[in-house]
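Please keep the sequence and the structure in view while reading.

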Amino acid sequence: MKRRPRIAIAGAGVAGALLAGLLKDCPGLDVAVYERVGEDDHSQSGTGLNVGPNALKALAKACPDLERTIRAESFTWARWTVALVDGTNLMDLDLASVADNPGIRIRWSQLYRILRAHAAATIRYRRSIATAVPHEDGVALRVVDAQSGAETAHDDVDLLVVAEGRFSPLRDELFGPMATTYVGAATFRVLIDGIADPASCPIGDYGQWFNGPNRILAFQVPGNAVYGSGSFPLGIDAKLTDDLKQPDFLRALYTPPSGTLCPSVAFMVDHIVRNTDRIHWARLQEGELVYAHPSRRVLALGDAAHPMVPTLGQGATQAVEDACATAHAILAALRDARPLVEVPEEIAALRTARVRSCMAFSRQASDTMLAGSDPVEGTRWKTQPEFLARLSQLYRDVAFQ
């Protein structure tokens, strides 16, 4: 009797868990997800994120029930505002003018919980794929149990999906070390919990505030919390040293010569400097785009395939698009009795141009965060027809055949 095709997924993040959930009920398929952390361990997902309208549009097409569940447990992202730190308005964009549906604002941990619950039966927690060797008939895996250290071998996987994020060791093993390009800014993020009265909080929907090229981004998320992010120029060869992470330095970044801060910025600055021990730091960066392994047996998705700058909120958003498109391609291959080795190249052909354009657009939209930039002129460009047309194309052109 011919065995069912087997798919192994490395990582139960956005792309991996969503893909598994979209495939879990296919009777002609075995799916196993290997996630290195425990079921309740969200230590790597303690902040928040905005997910673009295009992700929700793709998800509504792929799995309407899951899309409704995620929306019900999120806040709507309907507006994008930009201002100076003193409150001078620069842009107020209604997303309905450039998208067919709104996006969402949510905690990372909540999104993970929903996606992992949807894919629950497929996920093997505290297990990771240590090695993967493609061969003529499939992929040979060595899986390690994080608690016992025990190893198991799986020699007959038909398709391996690498979805462990931009720092995936498995991705580097299979595709080679990823070249990283720094864009010229330091970034940080923090989740401010325990907002006593969300209705009176000066932070609501997605907003950005500039003091020169120094930017604060913030929005409310469910659970009486505000997600905040900041950035400031940092030379490509410069080090992100401890003196750049101190309260006095951070407060000075966002205080103009007049000393005047609007209520939203005053709120954020006060909470940022009081929570420096909880801040997650990074550098604005992107990596190489790659989907299909030459063996045709391995497919990278999400940040493992296309780490991009977060300026347009497209990291997790494109991971959702990846998973929806890949599930559609896998189910179509099974329906048509085609081998799964066709899927990686199909996804590469379908997704590469769109994601490359998205990466370039996100990088271009980072102009106001770089040294010497003028946030007034940089934001004015974002209110013009050319930028809005590209944003509309990004948010609306979600196609997977």
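Does D30 count as buried, partly exposed or exposed, and at what relative accessibility? D30 counts as partly exposed, because its relative accessibility is 25%; here buried means under 20% relative accessible area, exposed means over 50%, and partly exposed lies in between (1.4 Å probe, protein chains only).

## Basis of the description

The model is predicted: local features need pLDDT of at least 70, side-chain atom pairs count only at pLDDT 80 or more, and totals for chains, interfaces and linings use all residues. Residues are numbered from 1 along each chain as its sequence is written, and side-chain values use heavy atoms, with hydrogens and water left out.

## The open sheet

An open sheet is formed by five strands in the order β8-β2-β1-β12-β18, and their pairing is parallel. Strands are DSSP runs (E, at least two residues), as are helices (H or I, at least four residues), and both are numbered from the N terminus. Two strands pair if DSSP finds at least two bridges between them.

The edge strands, each pairing on one side only, are β8 (123-125) and β18 (298-300). From one strand to the next, the twist averages 20°; axes are lines fitted to C-alpha atoms, for helices over the stretch in contact, and angles run from 0 to 180 degrees between N-to-C directions. Strand β2 (residues 30-35) pairs with β8 in the parallel sense over three bridges. E35 stands opposite Y125 in β8.

Side chains of opposite charge can pair when their charged atoms come close. A salt bridge is a side-chain nitrogen of Lys or Arg within 4 Å of a carboxyl oxygen of Asp or Glu, and by this rule the count comes to 28.

One of them joins the side chains of R6 and D30 (3.8 Å, N to O). This pair links distant parts of the chain, as R6 lies in strand β1 (residues 6-10) and D30 in strand β2, 24 residues apart. R6 is partly exposed at 29% relative accessibility.

Another salt bridge joins D205 and R105 (3.2 Å, N to O). D205 lies in the loop between β13 (180-192) and β14 (206-211), while R105 lies in strand β7 (residues 103-107), 100 residues away. D205 is partly exposed at 23%, whereas R105 is buried at 9%.

Because they are four residues apart in helix α3 (residues 64-72), about one helical turn separates R71 and E67. R71 is partly exposed at 23% relative accessibility, and E67 is buried at 10%.
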